[in-house]
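I opened this entry to keep track of what I looked up, chain by chain and then pair by pair.

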Amino acid sequence: MKDINGDDLSANLKNFISQGKEFTTLDLISRVDLTTLKDIHKLSKVSKIIKPVLEKISYLQETEETSIDDQLEYDFLIKINDYSPEIQAEISLIHNFIKIRYTPRFPELSSLITNPVDYAKTVKLLGNNLDINLKKHEDQLKSFLTSEKILVVTMSASLQEQQNLHLSLSEEELETIINACDLLLWLDASKTKITNYVSSRLSKFAPNLTSLVGAHISAQLMSAVGGLANLSSTPSCNIPAIGNKRQVGIGFGQVGIRLQGILYYHELIQQIPDDYRKQALRMLSGKIVLAARIDLSKSHRDGNLGVQYKDEILTKLEKLQIPPENNGVKPLPIPIDKKSKKRSGKRFTKFKKQFEMSDLQKAQNRMAFGAKEEVIYDAFGQEIGMGMAGKSSGTGVRAVTASTANKAKMSKSMANRLANNSHNGTGLIENNDDTLFFANPDAKQLEASNNNENSSRWFTDKHRLENLKRAHDSESDTYSNSNSLKRLKR
Amino acid sequence: MGSVFLPHLKSGWHVDQAILSEDERLVIIRFGVDWDKECMLMDELLYSIAEKVKNFAVIYLCDINQVPDFNQMYELYDPMTIMFFFRNKHMMCDFGTGNNNKLNFVLKDKQELIDIIETIYRGARKGKGLVVSPKDYSSIMKNRGGTEI
């Protein structure tokens with residue numbers, strides 16, 4: 001790797017910027033050789049920006065609230081909220097730098113203390129003399145490390161001293177490292193300051209939104225869409241897409257949730273199982289827009305609605321995750337035949353009467369004693385016994401009469417319709433006698449009675465038979481109907 | 001798997017007790033052997049409906065090799081036979097197969113089996129000894145020994 005001193009670095013950076021690319025701290029990490037770098041301050045991009053910001057924050061915190069322009073402070077809030085990821089990236093850069101430089105003195109420390117801030121604090125305290133400084137600064141160490149951690153560090157430090165394998169760092173080198181530690185701690189402190197300030201102030205501008213999703217994410221969302229007013233007019237389905245950096249090439253599949261924007265990294269979404277994340281995202285984004293609208297209208301300044309929304313979402317998600325109840329199979333009811341509750345009544349009796357056997361049919365099924373049964377033949381030459389319904393068996397008063405209950409019926413409205421049709425001349429086929437009869441059953445009945453008394457006695461719908469062009473005389477007509485009934489019964 | 005979950009009757013005494021002890025429900029006993037193909041199919045079907053019909057029928061399995069006491073009396077010569085009992089009375093059912101004493105063919109439909117059980121239960125409650133199956137199974141018997149249509 002090329003040795004980069006301060007001048008080379010700035011030249012390198014200038015070259016890098018002149019390519020027209022926006023460079024971030026992460027780019028720097030990959031491009032700069034930390035082992036040979038002399039002064040980490042030169043790399044720090046954020047420290048220059050932060051200084052005025054911190055001054056302004058302390059100025060704003062000191063001055064009276066009423067004297068500050070709301071809009072200006074709001075814009076400022078949104079702007080500085082964006083610095084915190086930058087600061088975080090730079091902290092990890094400096095952490096790397098310290099690790100690389102300090103490892104020759106105490107190799108195991110970086111694996112024992114992984115937190116950048118704690119690591120920097122410890123390195124600053126230990127310096128070159130591990131054992132002596134450990135005892136000297138034990139109280140200070142206790143303030144940010146657990147006693148178990150301290151024990152482990154002490155053990156490995158004394159081991160390190162005994163083995164004498166380490167090389168002591170030069171004064172110059174140690175100063176560089178301590179400078180870097182200071183810078184890291186300062187950056188961390190300013191990050192906390194900014195975050196605290198943003199959350200304290202943002203809860204004044206958007207109390208409900210802040211209590212729903214927290215100050216950091218609310219500020220991020222607002223800065224992405226350009227303010228509270230814009231956020232309140234954003235459709236809730238667009239909220240998860242805000243800040244989505246995931247690139248999915250056309251034709252490539254994707255796994256998991258498509259839109260991993262700012263909201264995706266909210267702790268509520270992160271701690272929920274993957275299966276419910278989409279639903280949680282939807283719920284949360286819906287409520288975010290509502291909360292933004294409430295804040296815009298300047299009602300509920302104490303943020304209680306935001307808290308209420310959050311509770312709602314949490315309970316809903318909890319309910320969603322409850323496994324379905326395991327209800328066993330529902331057994332079938334015992335198949336017991338119950339007696340019909342329907343007994344009788346005028347109407348029902350009349351209805352049942354329609355399906356009764358007529359007296360004539362009954363007579364046909366009976367045989368006269370000692371008399372020869374009358375027999376007729378149907379169209380197919382089949383013999384049909386007439387029983388007691390024969391011509392000779394009953395005459396005069398004792399003659400069997402046909403019942404009228406099971407006669408073919410026509411509803412009143414149908415009869416009226418047909419009658420109307422025939423009167424208006426819009427009837428079916430007026431020249432056809434049968435149709436006329438059909439249209440006016442009374443006329444048909446009259447005709448039938450003229451034809452034969454016997455037939456008219458019980459059977460009135462002769463027209464059907466006429467349609468069939470049966471070459472029967474009136475008497476055999478009478479029985480062909482009872483015939484078909486009998487066949488049905490078989 | 002059905003045969004694992006359904007209760008087995010281990011001896012002739014057990015079979016008798018199972019039939020005698022039940023007063024309100026139909027006792028259905030599958031005679032056969034667990035490893036037989038037909039029995040396996042039928043056990044699966046029986047197990048799947050056992051919970052549904054538990055209000056009016058109870059299902060047992062009986063190994064005809066382990067309990068040979070009834071083989072002659074009930075003519076248990078088929079690989080799989082199902083018999084129905086109600087209040088210590090053998091219930092007959094006309095399946096159209098010619099054998100009214102037992103069900104000795106494999107059904108495929110749960111609902112058909114439930115319908116048969118319900119019909120037998122109804123008849124039994126009315127004191128009938130023989131009922132007619134809601135569906136005619138004569139075509140199944142026609143193909144006995146070959147593949148079923």
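**Entry 1: what I am working with.** I am reading a predicted model, so I kept to local features with pLDDT of at least 70.

**Entry 2: chain A overall.** I looked up the secondary structure and found 25 helices and 2 strands in chain A. Chain A has 490 residues, and 36% of them count as buried. I then checked contacts with a separation of 6 or more in chain A; 61% of them are between residues 24 or more positions apart. The accessible surface of chain A is about 30600 Å², and carbon and sulfur atoms hold 52% of that.

**Entry 3: helix α3 of chain B.** I took residues 37-50 of chain B, which form α3 with 14 residues. From first C-alpha to last, α3(B) reaches 20 Å, close to the 20 Å expected at 1.5 Å a residue. Which residues of α3(B) are buried? I list B:Cys39, B:Met42, B:Asp43, B:Leu45, B:Leu46, B:Ile49 and B:Ala50. Viewed down the axis of α3(B), these buried residues fall within an arc of 165 degrees, so they line one face of the helix. I also looked up what covers the buried residues of α3(B): the cover includes α1 (2-5), β2 (26-32), β3 (57-63), β4 (80-86) and α4 (110-125) of chain B. At the start of α3(B), I noted that a side-chain oxygen of B:Asp36 comes to within 2.9 Å of the backbone nitrogen of B:Glu38.

**Entry 4: salt bridges within chain A.** Over all chains, the structure holds 12 salt bridges. I began with A:Glu173 and A:Arg101, whose closest N and O atoms are 3.5 Å apart. A:Glu173 sits in helix α11 (residues 171-205) of chain A and A:Arg101 in helix α5 (residues 83-102) of chain A, so the pair ties together parts that are 72 residues apart in sequence.

Next I looked up A:Lys124 and A:Asp182, a salt bridge with its closest N and O atoms 2.9 Å apart. This pair links distant parts of the chain, with A:Lys124 in helix α7 (residues 116-126) of chain A and A:Asp182 in helix α11 of chain A, 58 residues apart. A:Lys124 is partly exposed with a relative accessible area of 38%, and A:Asp182 is partly exposed with 31%.

**Entry 5: a salt bridge joining two chains.** I found B:Arg122 and A:Asp337 meeting through their side chains in a salt bridge of 2.8 Å, N to O. B:Arg122 lies in helix α4 of chain B, while A:Asp337 is in the loop between α17 (304-321) and α18 (346-353) of chain A, so the pair joins two chains. I noted that salt bridges with shared partners join A:Asp337, B:Arg122 and B:Lys126 into one network. For accessibility, B:Arg122 counts as partly exposed at 29%, and A:Asp337 counts as partly exposed at 42%.

**Entry 6: B:Thr119.** I stayed with helix α4 of chain B, where B:Thr119 lies. What does the side chain of B:Thr119 have at 2.6 Å from a polar atom? I found the backbone oxygen of B:Asp115 there. Leaving out residues up to four places away in sequence, B:Thr119 touches B:Val131, B:Val132 and B:Pro134.

Definitions and conventions:
Residues are numbered from 1 along each chain as its sequence is written. Chains are lettered from A and ligands numbered from 1 in the order in which they are written. This is a predicted model: local features need pLDDT of at least 70, side-chain atom pairs count only at pLDDT 80 or more; totals for chains, interfaces and linings use all residues. Side-chain values use heavy atoms; hydrogens and water are left out. Helices (H or I, at least four residues) and strands (E, at least two) are DSSP runs, numbered from the N terminus. Buried means under 20% relative accessible area, exposed over 50%, partly exposed in between (1.4 Å probe, protein chains only). Contact means heavy atoms within 4.5 Å. Accessible areas come from the Shrake-Rupley method with a 1.4 Å probe; for residues, only the protein chains shown count as cover. The expected span of a helix is 1.5 Å times one less than its number of residues. The arc is that of the directions from the helix axis to the C-beta atoms. A polar contact is a pair of N or O atoms within 3.5 Å; within protein, one must be able to donate a hydrogen and the other to accept it, and residues adjacent in sequence count only if both atoms are side-chain atoms. A salt bridge is a side-chain nitrogen of Lys or Arg within 4 Å of a carboxyl oxygen of Asp or Glu.
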